[in-house]
Amino acid sequence: MSKALALVVALFFVAFCGECHGELRFGFYKGKCGRTDVEVLVKNVVQTWHNTKRETAIAAALLRMQFHDCFVNGCDASILLDGNNSEKKALPNSSVRGYPLIDAIKEALEERCKGLVSCADIISMAARDAVVLSGGKWYNVETGRKDGKVSLASNVNLPSPSISVSDSIKVFGNKNLSPTDMVYLLGGHTVGNTHCSLIQDRIYNFNNTGVHDPTMSQWLFSELKNKCPRVPSNTVDNPIPLDMKSPSFVDNSFFQEIQKGNGVLKIDQQLALDGLTKKIVGDIVKDPNFYTKFGEAMVKLGRVEVLTDGQGEVRTSCRVVNKKSFFFGLFNWNK
């Protein structure tokens, strides 16, 4: 078939297909899955997983998954793809969890509306629902993403826990996220853990000085010394809550704690000290609308380099790319 004819047919389908939407928007799936409300179904699966499997840390897992996905190739669910050299195999992603939950949601959706809901959208919706289950507030999620087809460990270049505030602002800026967005998104550390191996230098040999990081409160220093021995074990790498006050709840206590010198990661503590972000942190601590603004920052994260119609695909399984059918191969729909 000639390229000209293929283009004409493609334009015909774009013009007349009622399901063709090229934009990211709220309520993208409304009315498209029969009597099934896609977002309610996702919420129910997340809630069941949370309740029956006692997976109380699912908010931290899914927030981390969304961040790690969106910062590599955009929010395209490339982190979900299996493979010997996929993003899952990259060292920064070794602690990412939540894949079986995403699989369960995808399976439930495929039973009701096959080939409709992308894995990239599932991550965003499930992360929101997990935030709500962990004490956060509901925020609307934009949907309409397509799934990517490329997942390479070599593409994973995420900011480290010891990055400076100024460099972090540049990294987030490259994703069209402002310094305020960055501070709110790092506030996702209100849930979840790090490990002793990642903060050993802050406790015992900060910047090769032989002593602990002086920005750390005496209370935090004592706590971390007890949990993280000077000579680490080869087999035990203890988990450390990133928010020592309320590690299981999504709230603004993280920002209160870093103001007291209780930031576990270097970048977290520097947010409260660096002139570029100190005022932002102070404003968040006083702001009664933390939950609304956190949700707004998550929505902006979900817009990073997304694929919409004409790009990517809707995977049948979140772990593998689809096998092209003859028809779609002719018209290169997913290129």
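**Questions about a predicted model**

Me: Which element gives the largest share of the lining of the largest pocket?
Reply: The largest share comes from α3, which gives 7 residues to that lining. The structure is a predicted model, in which local features need pLDDT of at least 70, side-chain atom pairs count only at pLDDT 80 or more, and totals for chains, interfaces and linings use all residues. Residues are numbered from 1 along each chain as its sequence is written, and side-chain values use heavy atoms, without hydrogens and water.

Me: Why is the pocket called a pocket and not a cavity?
Reply: On a 1 Å grid over the protein atoms alone, a cavity is a set of points where a 1.4 Å probe fits but cannot get out, whereas a pocket is an open set with protein on both sides within 12 Å along at least five of seven lines. The largest pocket holds about 1200 Å³ of space. Of its 42 lining residues, the closest to the centre are Arg-64, His-68, His-189, Asn-193 and Leu-242. Besides α3, the elements that give two or more residues to this lining are α6 (165-173), α7 (179-186), β3 (193-195), α8 (196-204) and α13 (290-301).

Me: How many cavities of 30 Å³ or more are there?
Reply: The count is 1. The largest cavity has a volume of about 60 Å³, where volume means the space filled by probe spheres set on grid points that are joined across faces, edges and corners.

Me: What does Leu-101 touch, not counting residues up to four places away in sequence?
Reply: A contact means heavy atoms within 4.5 Å. Leu-101 touches Val-45, Val-46, Trp-49, Ile-58 and Leu-62. Val-46 is 55 residues from Leu-101 along the chain, yet their C-alpha atoms are separated by 7.3 Å. Among contacts between residues at least 6 apart in sequence, 73% join residues at least 24 apart.

Me: What makes a nonpolar core?
Reply: It is a set of buried Ala, Val, Leu, Ile, Met, Phe, Trp, Tyr and Cys residues joined through side-chain atoms within 4.5 Å. The largest one has 91 residues. Ile-105 is one of those that touch the most other members. Leaving aside neighbours within four places in sequence, Ile-105 is in contact with Val-42, Val-45, Val-46, Ile-122 and Ala-126.

Me: How do you know that the buried residues of α6 are on the same side?
Reply: The buried residues are Val-165, Ser-168, Ile-169 and Phe-172. They cover an arc of only 105° around the axis, so they are on the same side of α6. The arc is taken from the directions from the helix axis to the C-beta atoms. These residues pack against α3, α7 and α11 (266-271).

Me: What makes the phi of Asn-208 worth a remark?
Reply: Most residues other than glycine have a negative phi. Asn-208 is not a glycine, yet has a positive phi of about 60°. Asn-208 lies in the loop between α8 and α9 (218-227). With a relative accessible area of 70%, Asn-208 is exposed.

Me: Where is Glu-305, and why is it called partly exposed?
Reply: Glu-305 is in the loop between α13 and α14 (326-331). Its relative accessible area is 41%, so the middle class applies. Glu-305 also has a positive phi, of about 45°, although it is not a glycine.

Notes. On a 1 Å grid over the protein atoms alone, a cavity is a set of points where a 1.4 Å probe fits but cannot get out, and a pocket is an open set with protein on both sides within 12 Å along at least five of seven lines; lining residues have an atom within 4 Å of a point. Helices (H or I, at least four residues) and strands (E, at least two) are DSSP runs, numbered from the N terminus. Buried means under 20% relative accessible area, exposed over 50%, partly exposed in between (1.4 Å probe, protein chains only).
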